[in-house]
Amino acid sequence: MSDTHDPITLHGRTYNPPRQPTVVVCIDGFDPSYLDQGIADGLLPTMQAFAARGFRAPADADAAMPTFTNPNNVSIITGAPTAVHGIAGNYFLDRATGDEVMVVDDSLLRGSTILAEMAGRGGVRVAAITAKDKLRRILGHGLAEAEGSICWSSQCASEDVLAWLGKGKGDGGDATAALPSQYSAELSLLVLDAGVKILEERRADLLYLTLSDWVQHKHAPGSSEANEFMSAIDARLGRMVDLGAVVAVTGDHGMNDKCDDGGSPNVLFVQDELEDKFGPGCARVICPITDPFVKHHGALGSFVRVHVSEARGADVEDMIRFCKGFAEIEMVLPKEEAARVFEMPEDREGDFVIVSKKNAVVGSKATEHDLSSLQGHRLRSHGGLSEQRVPLLMSKPIQSSEDLVGKRWRNFDIFDLILNHGQ
């Protein structure tokens with residue numbers, strides 16, 4: 001492959017073309033505890049082999065902040081923090097219009113992606129498959145024009161795709177009957193099954209496969225449901241290696257239990273507290289975890305942005321001091337400092353940001369969050385510093401080099417790892 005394809009350079013990094021089938025997998029909600037528990041229980045022989053005979057980042061890797069799906073998937077496919085590519089949440093407040101906007105396409109993306117550059121100028125056959133359709137329109141940036149590229153979501157897989165995977169409807173059945181529920185483990189496993197099928201048919205040189213965190217939001221490490229899901233992922237990774245691929249795996253964020261000792265969600269509704277203190281309409285709290293998949297977390301995460309009304313602009317510092325006083329809060333930073341510390345785009349920040357502690361989540365108003373669908377499950381969520389650590393694994397070992405000694409690994413180093421050190 002490398003004899004006919006050229007390296008590409010993006011955001012200051014150069015990436016070699018793949019010399020063998022190359023697969024990058026993002027396991028949504030891949031907290032290190034799922035990997036460590038699965039290995040300890042003997043359930044993950046493939047990933048155990050990666051860690052033992054291939055590569056596992058020492059002390060694992062850090063995800064981009066905030067630790068949500070969109071920012072980290074885009075960081076992974078651009079090799080850069082959100083300050084560079086501009087997508088710092090699943091949901092944001094457009095300062096220019098005052099509208100709250102869900103990020104479901106690439107319209108906010110700044111610059112290109114590794115996938116687009118490889119498929120375009122690099123001439124590599126690229127496949128980008130995601131569980132969630134909201135990501136498909138971001139991952140597909142620049143791929144439609146590239147001959148031989150593949151990009152679709154299992155959430156909206158066509159009847160032809162399902163038939164190709166042997167999962168089509170039965171005779172006379174409903175055309176959508178074979179689609180996995182968006183709230184299911186099958187949504188993710190279909191992505192991996194497609195990756196295996198593409199490798200079997202040699203239809204792509206470089207694959208990016210990204211999953212859903214439905215299981216991790218519902219089930220803790222070591223539970224039967226989590227064990228079954230992780231084991232199913234592991235088996236498919238093993239099949240990819242057997243087919244001659246080099247495989248690297250990371251996550252977009254970790255996951256933590258967010259309940260008190262009695263099992264109730266440990267939530268601070270920030271906008272309610274601010275309005276009680278500073279008056280109605282004093283600020284708007286934006287929860288960047290919000291996306292079309294809120295049933296499993298009620299749009300409650302560990303990071304929020306606070307936009308202070310123009311009339312109360314002089315109260316920003318007082319609001320910051322006030323929010324720091326709550327037991328649920330780990331950190332409150334004004335936008336300039338938050339953008340610098342967390343490598344986020346300052347022009348898309350709130351007036352200040354709030355990060356909750358490991359066992360807590362932050363929301364806006366209690367009336368805006370529906371937790372009825374938890375159905376007896378403990379609330380598990382992400383978004384903060386407590387969910388920043390994720391595994392970074394590769395099926396091949398890397399040659400030691402001075403620039404990697406003591407390196408702080410990031411999940412968005414994964415394409416550099418597999419293309420520049422794993423071929």
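How do the residues of the lining of the largest pocket divide into nonpolar, polar and charged? They divide into 6 nonpolar, 2 polar and 4 charged, where Ala, Val, Leu, Ile, Met, Phe, Trp, Tyr, Cys and Pro count as nonpolar, Asp, Glu, Lys and Arg as charged, and the others, Gly among them, as polar. This is a predicted model, in which local features need pLDDT of at least 70 and side-chain atom pairs count only at pLDDT 80 or more, while totals for chains, interfaces and linings use all residues. Residues are numbered from 1 along each chain as its sequence is written, and side-chain values use heavy atoms, with hydrogens and water left out.

**Pocket and cavities**

- The largest pocket holds about 190 Å³ of space, a pocket being an open set of points on a 1 Å grid over the protein atoms alone, with protein on both sides within 12 Å along at least five of seven lines.
- Its lining, made of residues that have an atom within 4 Å of a point, consists of Ala185, Glu186, Leu189, Trp214, Val215, Lys218, His219, Glu225, Glu228, Phe229, Ala232 and His377.
- Two or more residues of this lining come from each of α8 (186-200), α9 and α10, and α10 gives the most, with 4 residues; helices here are DSSP runs of H or I with at least four residues, strands are runs of E with at least two, and both are numbered from the N terminus.
- The structure also holds 3 cavities of 30 Å³ or more, a cavity being a set of grid points where a 1.4 Å probe fits but cannot get out.
- About 60 Å³ of space lies in the largest cavity, where a volume is the space filled by probe spheres set on the points, and grid points are joined across faces, edges and corners.
- Gly86, Ile87, Ala88, Gly89, Phe92, Val103, Leu108, Arg305 and Arg348 line the largest cavity, and by class this lining has 5 nonpolar, 2 polar and 2 charged residues.

**Helices α2 and α10**

- The axes of helix α2 (residues 45-53) and helix α10 (residues 224-242) come within 7 Å and cross at roughly 60 degrees; such axes are lines fitted to C-alpha atoms, for helices over the stretch in contact, and angles run from 0 to 180 degrees between N-to-C directions.
- On the α2 side Pro45, Thr46, Met47 and Phe50 meet Met230, Asp234, Leu237, Gly238 and Val241 of α10, with contact meaning heavy atoms within 4.5 Å.
- By class, this contact of α2 with α10 has 6 nonpolar, 2 polar and 1 charged residues.

**Two buried residues**

- Met240, which is placed in helix α10, counts as buried at 0% relative accessibility, since buried means under 20% relative accessible area, exposed over 50% and partly exposed in between, with a 1.4 Å probe and protein chains only.
- Leaving aside residues up to four places away in sequence, Met240 touches Val23, Leu192, Val196, Leu199, Leu209, Ala245 and Val247.
- Leu162 lies in helix α7 (residues 159-164) and, at 1% relative accessibility, counts as buried.
- Leaving aside residues up to four places away in sequence, Leu162 touches Ala157, Lys167, Gly168, Ala178, Leu179 and Leu190.
- The C-alpha atoms of Leu162 and Leu199, which are 37 residues apart along the chain, are separated by 17 Å.

**Salt bridges**

- A search of the whole structure finds 28 salt bridges, each being a side-chain nitrogen of Lys or Arg within 4 Å of a carboxyl oxygen of Asp or Glu.
- One of them joins Asp213 and Lys132, with the closest N and O atoms 3.7 Å apart.
- This pair links distant parts of the chain, 81 residues apart, with Asp213 in the loop between β10 (206-210) and α9 (214-218) and Lys132 in the loop between β8 (126-130) and α6 (133-139).
- Asp213 is buried, with a relative accessible area of 1%, and Lys132 also counts as buried, at 2% relative accessibility.
- Arg137 forms a salt bridge with Asp133, the closest N and O atoms being 3.7 Å apart, and both residues lie in helix α6, 4 residues apart, or about one turn of the helix.
- In that pair Arg137 counts as partly exposed at 37% relative accessibility, whereas Asp133 counts as buried at 10%.
- Lys407 forms a salt bridge with Asp413, with the closest N and O atoms 3.5 Å apart, and Arg13, Lys407 and Asp413 are linked in a network of salt bridges.
- Lys407 counts as partly exposed at 26% relative accessibility, whereas Asp413 is buried, with a relative accessible area of 1%.
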